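Dear colleague,

I am passing on the structure below, together with some notes on what was found in it. Please read the notes with the structure open beside them.

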Amino acid sequence: MSLAYSILTAVLPAIALLCYFYECDLRQNKSQSGKVKAFLLGVSSILPASIIEAFVDRMLMHGKFGSYMQSLSSVSARHSIPVTDALQMGFLGSALIEESIKMLYLYLVFDKSKEFQSKKDTVIHAVTLSVGFAFVENILYVVSYGAEIAEARAFMSLPMHAIAALAMSFTIAFRREQSHQPLWQAWAIALLAATLIHGTYNSLLFINTFASGTIVFVFVIVAVVLAVRLYRNLDSQSDRMPSQSVGNKPLQQSPQLPRSPGLDWKHKPKAIAKFLNRALESRRINASVDLDGDRLQVLLEGAAVPPQNLAQSIFKKLLSLDIPNARSLKVYGKVEYEKVPSWSQEFVFTLSLPERAIAVDPSSRSKLWYSPLTWILISVGLISAGCFLPNPMERFHANSQAQKDLSASQEGGSGYSDTDYVEQGDRKYDRGDYRGAIEDFNRAISLNPNNAIAYNYRSLSHSELGDLEEAIQDCNKALEIDPEYALAYFNRAGYRTGKNDLNGALEDYDRAIQAKGDLGRKGRLRLADIYANRGDVLGRLGRYTEALRSSQQALQIAPKHQYAWFVQSMALSYLDRYEEALAAINKAVELDPPNAEAWNYRGNILYTLQRYNEALTSYEKAIQIAPRFRLALRSRAALLNELGRDREALEAYDRLIQLYPNDREAMQTRNALAAQHR
């Protein structure tokens, strides 16, 4: 698919929606200027959104979002990420920022516009602005990450932006009419509604399980259907709010329905207002009346908010009047000089029995669905389903994929490219089928001997099978094909460390830092791994100051890199800076509590600081995590012996010897301790 065709595909739904709005305006003889302005505002909002998102990603998320986006262009990248990261990226990193900017533009430009007082026009302007944002965003995504995502952006992401805008605008319009809350709360709740939709969609995509993908697909389809129904309802209504007025002047001029013969309705609203104001004079409340089609609208204004129970009294008074063609009544209450009513209540006059008219309070209908708590619970439920439902479904999906892979292998892989085999081998590697993965990587290499990724991935399978020499040879071949392949340098450094070739490993880590090639799906965060592992090698070589500096460089990139804190702690302890070493190892165990090695090393530092009871607690924590951890078992037994807790020390040595019967040193110490108590 060509780039131009992909871009057209990505923006086609936006163009179709804008054309629909244009046709609607032509039929109703409305101006296009507001929609054009909204669209251009949406286009321009992409710039501040991108700047703020980049800042938040760097300062609060340590580059996670940027690294994930980089991984989209990787052929064999696996994009599923932890749910905490998915929520952070989905809500904080994008949804809240983008929806806040859209809402700010709506408020600053359209809030005081006459068009923005109608529910329908409020929705159209908000959706048009959001479509303008998605229009540019889709183009940027296709250009940056390839034509493959054009359809997904067009038929999933763009509708999501429109649906979020519809939720925001409808919530603003609804609560502006129905709510007793201040206006700022209506806007805040509208922002919450849009952010929940946008953030839930993003988070489910980032979680990237079989179930989350299914939920996103169903979520978008259901939301589109509901959105279309809601818009049709708005399209069929004439629900313009009464504009502000003075005295008994009608609030707005509306098209009038045909009146009963012989009745002059030209001055009737004034007469009704005069009738109501006589009854309300003692309360110091002024009534303004307007007839909009077959709806009678009454606006009550006072120095304070008029009590809502007045609406029922006004309804009863108006029942006694002969008001032809008035089928419903809507009463609004507000403070003088404020723009938006504080409350409203609607009543319906039945045609056959006026005395049995039915009162309708829209704010009481479906209260559950208008509750922000309900929205939050739905969002939590969808994300939880995406996280916890996939286990059996993914197992079925994996088995199905394995059957497909087997069928392809039995059929000779007809039609498979080298990239297909790399992806198939990658899946087998994930399932622990390392030999099967090697076979697929071999097929990829036979089809394309210059596929550096296949050599690098095959090296991982060889290393898992314990064949470090073959793994190193594969990395050598990958680097021969692509001398800038940073990930191959990183992997070869790890293999050389395993063979105790520390100088060779250090050289590879330095080359990985300098290389300009692929760092894998972790992107820039991979540099933190490189600096941390480089610090470990420098420490093993006795170059502790350089090891400390390397760990600090890792933490500049990723302040929450657990292994970098561990390496820093070891470097500081070898430099006799034990208090600082303790602070560093405390940070390491805080970031990764189930790390037995970190707890054991913490015990060593505390022992050196002569804080024996705390050291003993750390050793016990390490053993609790890894019951067969030999170093922690030995350190605990020795410390109990040193503290004179002989019975506990004997039990500790017995446990160690039971697990490791060939540990002669432990056996000798245990026998000597037992001899003292005979």
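Helices (H or I, at least four residues) and strands (E, at least two) are DSSP runs, numbered from the N terminus. This is a predicted model, in which local features need pLDDT of at least 70 and side-chain atom pairs count only at pLDDT 80 or more, while totals for chains, interfaces and linings use all residues. Residues are numbered from 1 along each chain as its sequence is written, and side-chain values use heavy atoms, with hydrogens and water left out.

Residues 630-663 are 79% helix and 0% strand, with end C-alpha atoms 10 Å apart, and residues 418-451 are 79% helix and 0% strand, with end C-alpha atoms 8 Å apart.

Helix 17 (residues 486-498) has 13 residues, which at 1.5 Å a residue should span 18 Å, and the 19 Å between its end C-alpha atoms agrees with this; the expected span is 1.5 Å times one less than the number of residues. Of these 13 residues, 11 are buried (under 20% relative accessible area, 1.4 Å probe, protein chains only), among them Y489, F490 and R492. Just after helix 17, N500 takes a positive phi of about 65°.

Elsewhere, strand 4 (residues 343-348) has five of its six residues buried, and six bridges join it to strand 3 (residues 328-335) in an antiparallel arrangement.

With best wishes

Definitions and conventions: Buried means under 20% relative accessible area, exposed over 50%, partly exposed in between (1.4 Å probe, protein chains only). Two strands pair if DSSP finds at least two bridges between them.
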